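Please look over the sequence and the structure that follow, and keep both at hand while reading.

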Amino acid sequence: MSTPVKKVPIHLQSAQNRLLIKNGKIVNEDEIVEEDVYIEDGVIKQLGRNLIIPGGTRVIDARGKLVIPGGIDPHTHFEFEFMGTKSVDDFYQGTKAAVAGGTTMIIDFVFVKKGESLIDAYYTYRQKADDKACCDYGLHMIVSYWSDRVREEMSILCSEHGINSFKMFMAYSFMLNDSELYKAFEACRKLGAVAMVHAENGSIVSQNTERLLAKGVTGPEGHELSRPEEVEAEAVNRACTIANQVDTPLYVVHVMSKSAASALVQARERGVRVIGETLAAALGTDGSQCKHPCFQHSAAHVLSPPLRSDPSTPRSLMISLAQNDLQLTGSDNCTFNKTQKELGINDFSKIPNGVNGVEDRMSVIWEKGVHSGILDPCRFVAITSTTAAKVFNVYPRKGCIAVGSDGDIVIWNPNRTRVISAKTHHQAVDFNIFEGMECHGVPEYVVVNGRVCVDEGLVKVVEGYGNFVKTPVFPPFVYDLENAEKLRPSNNGIDDLHQTPKGEDRKVSPTPTLPESAVSTPSCKGPRPDGQRNLQDSTFSISEEMDVERRACIRVKNPPGGKSSGFW
């Protein structure tokens, strides 16, 4: 539930507390409507035309622009101690960059050292983030070892500390074996938590690495060779199989290859309930960069699973997002500077794994997805914001523009362009993997909890302004679609064709409900109801919709069956 906002007498409020966005087109995951938005005390209070608002309200004219929910990046690593060093973007620099790019909430990962208390690690990360975060943030927990104590602390974190997600690794020195994964997934199901997994076959990666180094392959090009597509796909299949044995919904982070995406589709066809995330990096560049003759350039592109050398991979993954084979996007922002990357100058296995992306995720996905004609703006909103809000149970507080939702809004200009560069980005890292990419689509205004933090492109964040957001267990989108329908607004007559998960009855944590003006969430599978518009045949032109003087360049095919409220 969102925390009640303390009311301030109207005569003491400043224009900073009240904001009207007018003449724009609101884009939610299921519709585009012409309405104004009035925000007061950080919350959306009114939607419509000819709104009656108090004097002294700041007005932003969004004519010719899209008004979209602030982005939610469900995958960041700020101040992350990893591979003998620490990522350079801290919670201030990282969230500042996020806001600059149109993201108004991030969810970071708490790394737990082997033998360390999960609760102690949680408090350590809260201390890192609370006084620095410029936007709201949540936390996932990394389970780096397994014991009865870990199981007990998972329960405490869920019940007392607002954590509903746990990530397990199948690679690196802190990976869990299959038996431990089984137990961890089972614990997540009983708690109503989201089980997340980094899917690579760590044993094969280790053997491949030894073989390559022995043959004299030491440069960054050896990274992908040690972790080929089939090694990622095998782990995805194995993780899905294990999760299905204990009836646990599974979230696979950073799907980086066509083979891994196919493994997800095949698992879902077998009845496995699995969510797939891919990255801005996988959509905006490819593994050919790791063969660059400059070590700094090639090493800067090293992450795991790796960027794939197959140049058709980025487009293929974008199509998977359009078709709902993959459901959402993150950045996996984990940045290391030149000197840190040089820890592996003679041994690719020692290059700290990680790339940038928290600032550029929204623009890269718009450029490669919407501007290219693969996505429409509604699907863009779903994969950059709404689905993450639903998976981690902060919807409809986050992830949509509706009365009662937080005032996290981006005014997006689809016709302005910007060129990405390390010289102009807001991150601490000294390299940008998207260097030189021209992106059509710019966040001209970014509103965080009602405060304008990007103002005509000028970043005006406030350190410590962001709040920790609790993520309740048993998210309806993941666990209980029958009860989810009771919490959602009307679905406009579209039949719910999803199946309720097997197993014991589950309680659903309270989720903030919205008035009747909230957006609807139709289902995604099966034939469309009679008389409903076939979205598969639709096209969308930004310039036609916006009456702007620009040639239409965007043609869109929505995913079969329309927008998603779930996918099993």
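**Charged pairs**

The structure holds 26 salt bridges, a salt bridge being a side-chain nitrogen of Lys or Arg within 4 Å of a carboxyl oxygen of Asp or Glu. The model is a predicted one, in which local features need pLDDT of at least 70 and side-chain atom pairs count only at pLDDT 80 or more, while totals for chains, interfaces and linings use all residues. Residues are numbered from 1 along each chain as its sequence is written, and side-chain values use heavy atoms, with hydrogens and water left out.

One of these bridges joins K398 to D136, with the closest N and O atoms 2.6 Å apart. K398 lies in the loop between α14 (377–391) and β18, and D136 in strand β12, so the bridge ties together parts that are 262 residues apart in sequence; helices (H or I, at least four residues) and strands (E, at least two) are DSSP runs, numbered from the N terminus. K398 is buried, with a relative accessible area of 3%, and D136 is buried too, at 0%; buried means under 20% relative accessible area, exposed over 50%, and partly exposed in between (1.4 Å probe, protein chains only).

K398 also forms a salt bridge with D408, where the closest N and O atoms are 2.6 Å apart. Both D408 and K398 lie in the loop between α14 and β18, so this pair ties together parts that are 10 residues apart in sequence. D408 is buried, with a relative accessible area of 5%. These residues belong to a network of salt bridges that links D136, R397, K398, D406 and D408.

Another bridge is found between K113 and E81, whose closest N and O atoms are 3.7 Å apart. Since K113 lies in the loop between β11 and α2 and E81 in strand β9, the pair ties together parts that are 32 residues apart in sequence. K113 is partly exposed, with a relative accessible area of 46%, and E81 is partly exposed at 38%.

A polar atom of the R18 side chain does, however, lie 2.7 Å from the backbone oxygen of G55.

**Aromatic rings**

A search of the whole structure finds 18 aromatic pairs, where rings of Phe, Tyr and Trp (its six-membered ring) pair if their centres lie within 6.5 Å, and planes under 30 degrees apart count as stacked, over 60 as edge-to-face and the rest as tilted. Among them is the edge-to-face pair of F82 and Y172, with 5.2 Å from centre to centre and 90 degrees between the planes. F82 lies in strand β9 (residues 81–82) and Y172 in the loop between β13 and α4 (178–191), so the pair ties together parts that are 90 residues apart in sequence. F82 counts as buried at 8% relative accessibility, whereas Y172 is partly exposed, with a relative accessible area of 22%.

The rings of W366 and W412 have their centres 5.6 Å apart and their planes at 50 degrees, so this pair is tilted. W366 lies in helix α13 (residues 361–370) and W412 in strand β18 (residues 409–419), so the pair ties together parts that are 46 residues apart in sequence. Both W366 and W412 are buried. Elsewhere, ring pairs link F78, F91, Y122, Y123, Y125, Y137 and F468 into a cluster.

Helix α7 (residues 229–245) is the place of V236, which counts as buried at 1% relative accessibility. Leaving aside residues up to four places away in sequence, V236 touches A199, V252, A260, A263 and L264, contact meaning heavy atoms within 4.5 Å. α7 is followed by D247, whose phi is positive, near 60 degrees.

Technical notes:
Polar contact = N/O pair within 3.5 Å; in protein donor to acceptor, adjacent residues only side chain to side chain.
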